Amino acid sequence: MSTNHWTDPLTEAEIAEVVALVRADPRIGERPRFWGIAVEEGLARALAPGQGRPVRLVVMNPDAHAAWEVGAWTAGSDRVASVASWTPVDARRPGVSSEEARMVAQACREDQGFQAALAKRGIDDVSLVWVDPESITGFEPEDLQGRRLSWGTVWHRETADDNGYARPVAGLVPIIDLETLEVVRIEDHGVIPLAGEGGNYRSGTWGPDREVAPLEISQPEGPGFTIEGQLVTWQNWSFRVGFTHREGLVLYDVVHHDGDEARPVMKRASVNEMYVPYLDPDPTAYRKNFFDWGEYGAGPLTASLELGCDCLGEIRYFDAAVLNGHGEARTISNAVCMHEEDYSILWKHVNTRTGEADVRRARRLVISFFATVANYDYGFYWSFYQDGMIDLEIKLTGILSVSGIDDGHTPSYGRMVSPNVQAPNHQHYFGLRLDMAVDGPVNRLYEVHAEVEEDERLNPYGNACKMVRTLIPTEREAARSTDPSRAVHWLVEGTTRTNRYGDRTAYRLTLPNTARLFARPGSIAERKAPFVAKQLWATAYDASERFIAGEYPNQAPLGEEGVQAWQRAERSLDGAELVLWPVVGVHHDPRPEEWPIMPAHRIGMRLEPDGFFDRNPSLDLPAPKAHRADGDACCH
């Protein structure tokens, strides 16, 4: 029986009880496959603890070319677990689980045509071959329409512990029916020499390890946060830690405590989708454009974190239960990491007339998780600050997705990173979801930009600059672009409270990392993810509008679903339950220094109070203790 708060991650027991009910239904057949289970949040948030939780589970019968979204209830104090509905889903469109991916790889290794193509390249031991099933959305062959398909990138290892992602098998592209596990087509674009140089990155591979002095972090009185179940309290912040199959870490009920008053800021915050288009017409790269969350799922791809490796200091972890492709519940230990860290100077001033210095050191609370999507690893770090700011830092690391290149050739659309290995130009877009609640559930959205005062009577010296605030009244106007040349940012304003200057309380959204899609208009890469054309979208809350790219982006009709389609409703945003969909992006021009493993590249977004407080909210912080030889204080 579940007594969890509705935002808590599903437990193994809850997942197992719902799966057992679904397995009892004969329509799923003898070889069912599963792709995720999630709380039905729109309904669950109105329920009291102990009533059980409504969930949605996706199950497929590959033998019948059928799939369903099953609505069910976990057990509660006043109900037993039950199945409420079976809604058919286009069988092509559920995402691909890691278990299904392994079945695909094995099917390729057992296919005689695939083995023959490998033999042409001097590869006889197929056990050393990796095949990653990739999204084929938009590139389905005409004669294979209607089938649930994938295509494979192929990699070769010289030994069992070799880095296979360093040795692409160029020119070889299997196309696989995901339901029958049949290799339905093999494209062979010609033999290109395999990489002659290894790509291992373990200690000692490229010479002896350098000397590094120990660096220790100590909090002898323990951390400054408290945890009750999934509820975290730190400084003046509180929030609940959630976790879903599609998004991984989700934060709920983000509240700033202003004295004795609890002031909400957001109902929900997550990294909602990731789109990665590759920008190279090479036959083993041009199809690479993935919705890594919608087509694979961040939850099951989440890594277990380790103290001393991924996190330092006084660390607390949260485990997460997920559903695998075979319908088995498993727990990812240490899926989410939380810790405090020093963050240099929060504020400082030296009075040069008296020599008196005032300084306060900043510390922040960081909550993070890592997802490994085949070759790439992505870290997501939400940070809370003592001055009321929240930011998200995304760290991109892991191994570049590379292609083979023939002897004597120079890549036109990428960089050489190793002999016969090129890294194509590509991009990463992260679609965020922020359910805002600044001082209450109903908010307004403004765009703010800087402008020179053109009236010479008001600007006699030519240096007058005003900040122009424009209300975004409906969804039609709520597809916005950043513009650093005009200092564009956005303001989410509450509707119930004013500060001492008479302004509505608000939070400011800034997006310092953006990218333009370098794909021709009308191309599949452009049509597949129209949301990347803008840096901010906004909608009025609708419980059914969960994901920026749509509910099932795998083999979806190009550009017909998701946030740009929802906006056609033209709902009012002038006092609405406001959902922001920021898009953080980076254009990745690869460097040789990012091979064979990539140092973390950092991008992100920032939310900061703008009139939410009457003055600097960190004035109550104590001065840090000095460490001077004479024992005197150096700050006040």
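Hi everyone, let me begin with a definition: two strands count as paired if DSSP finds at least two bridges between them. Strands themselves are DSSP runs of E with at least two residues, while helices are runs of H or I with at least four, and both are numbered from the N terminus.

One note on the model before we look around. It is predicted, so local features need pLDDT of at least 70 and side-chain atom pairs count only at pLDDT 80 or more, whereas totals for chains, interfaces and linings use all residues. Residues are numbered from 1 along each chain as its sequence is written, and side-chain values use heavy atoms, with hydrogens and water left out.

Let's start with a sheet. Strands of a sheet pair through backbone hydrogen bonds, either parallel or antiparallel. Here, three strands make an open sheet in the order S20-S22-S21, with antiparallel pairing. Strand S20 (403-404) and strand S21 (414-418) are its edges, each pairing on one side only. Between S21 and strand S22 (residues 421-424) there are four bridges, in the antiparallel sense. And what stands opposite methionine 416? That is glutamine 422, in S22.

Next, leucine 434, which sits in strand S23 (residues 426-436). Is leucine 434 buried or exposed? Its relative accessible area is 0%, so leucine 434 is buried; the cut-offs are under 20% for buried, over 50% for exposed and partly exposed in between, with a 1.4 Å probe and protein chains only. Leaving out neighbours within four places in sequence, its contacts include Met266, Trp382, Leu578, Pro582 and Leu607, where contact means heavy atoms within 4.5 Å. Glycine 388 is 46 residues from leucine 434 along the chain, and their C-alpha atoms are 16 Å apart.

How many disulfides does the structure hold? Cysteine 309 is in no disulfide, and the nearest cysteine sulfur, from cysteine 311, is 9.2 Å away. Cysteine 309 counts as exposed because its relative accessibility is 60%, whereas cysteine 108, at 0%, counts as buried.

On a 1 Å grid over the protein atoms alone, a cavity is a set of points where a 1.4 Å probe fits but cannot get out; a pocket is an open set with protein on both sides within 12 Å along at least five of seven lines; and lining residues have an atom within 4 Å of a point. Points are joined across faces, edges and corners, and a volume is the space filled by probe spheres set on them.

The whole structure has six cavities of 30 Å³ or more. Strands S1 (33-39), S11 (237-244) and S15 (316-323) each supply at least two of the lining residues.

Finally, the second largest pocket, at about 760 Å³. Of its 32 lining residues, Ser98, Asp132, Leu301, Val373 and Ala374 are closest to the centre. Among the elements giving two or more residues to this lining are helix H3 (98-110) and strand S5 (129-134). Which element gives the most to the lining of the second largest pocket? H3, with six residues.

Note on methods. Disulfide = S-S within 2.5 Å.
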